[in-house]
Amino acid sequence: MANGKLLPLLTSVGIWVVGGLIGGLVGSLVAVLLTESIKRILAAVSRLDTVWLLLLPLLGVTLAVLVLHGLDKGEAVQALVPRKAALPKRRLPPPTWYSFPRDVARADLTADVVDTAGAEERFPWNLAPLRALAILPTVGLGAAMGTESPAAHLGVAAGTWLGSTNPALRRLVRPAAIGGGAAGVSALIGIPLVGSFFMLELSQRRKVPLSLERVAAVLAGGLVGWGINLAFRLDLIRLVVPKVPPSDLWDAVGAALFIGAIAGTVTSLSGEAIYWARGWKARPVIRLLVGALIMLSLAAVTALIATPAAAFGPGGAAIVWAKPSKLPPTTCWRWLCSVLRPPLLLSRQGAVAECLCPFWRSAT
């Protein structure tokens, strides 16, 4: 009896693994191709003067708005619509790459991935060229947009396209889609589990059951993306890797809690602002003008605090600027500790200061 249940389960898991591998291969290659194109554009325009570094992101966003809102034929939703217990099978949009149906998010790349989680055959894969056409000028001309969501979106689109257009692979649509999304993120970052957990987290927003087959597919896709990253020796995203280890456990815990609290607060506030902006009902022109003004203001502030290059692109120049070897003697840590010094000196013998700032002695 046990063998009678185990064999079908292993067969099902094997099918999802194969789908994840196939979708991961196609999805990661698509994501890598787009990211490499963005890097080449960024490398060319980042050498320009400061004025161009401030104005080009506005041009990129304007071009993306024209692409997304000038070629549409519907009103895109920005919120998830509750589903019934049984997922109705929806016909794919017409085979055109320039028409947005009413139930497809226009500017939010993650929304379509979340909306079709558990029913990936409904993913609007035919709109991927239009999305790529909007992503290239947006990120390529220096707008500080993330690259993980585009990689996941295009990876899912590639996997869905592969399974939807090939009758022999029709059974592998869902595993190929989620495997492609996981592979796209993993190839971008170079860490296999990051892409896998990224796709699982998006599925959980839809409360999709966490089955063994689904986990196997995203793990297979993540491994394929990681393998593509290693095979081609890709350097698509810069990661901040500490060069100096903490002196002891207390030092490590204190720094982790301190940095985690700051990062969590900033991320939460940013997320609330993004959701507020998505829900703002205004004409695209008004949204573009207000958003452009805010972008220009933030870029100018970043240029004054750090360097114009730190406000340009998805963050690579900011990380390079923040490296200790690139900083002047008064480093970020010293500046931060000098700000925190008055209240922290009130603590007993500076114990709290030592916890929060590992470089307290050198800074003071």
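Visitor: Why does Ser-37 count as partly exposed?

Guide: First, some ground rules: this is a predicted model, where local features need pLDDT of at least 70, side-chain atom pairs count only at pLDDT 80 or more, and totals for chains, interfaces and linings use all residues. Residues are numbered from 1 along each chain as its sequence is written, and side-chain values use heavy atoms, with hydrogens and water left out. Now, buried means under 20% relative accessible area and exposed over 50%, with partly exposed in between (1.4 Å probe, protein chains only). Ser-37 has 27%, so partly exposed it is.

Visitor: Where does Ser-37 sit, then?

Guide: In helix 1, residues 2-45; helices are DSSP runs of H or I, at least four residues, numbered from the N terminus. The C-alpha of Ser-37 is 7.6 Å from that of Leu-136, 99 residues apart along the chain.

Visitor: What makes Trp-276 and Trp-280 a stacked pair?

Guide: Rings of Phe, Tyr and Trp (its six-membered ring) pair if their centres lie within 6.5 Å; planes under 30 degrees apart count as stacked, over 60 as edge-to-face and the rest as tilted. The count by this rule is one aromatic pair. With centres 6.2 Å apart and planes at 10 degrees, Trp-276 and Trp-280 are therefore stacked.

Note on methods. Helix = DSSP H or I, 4+ residues; strand = E, 2+ residues; numbered from the N terminus.
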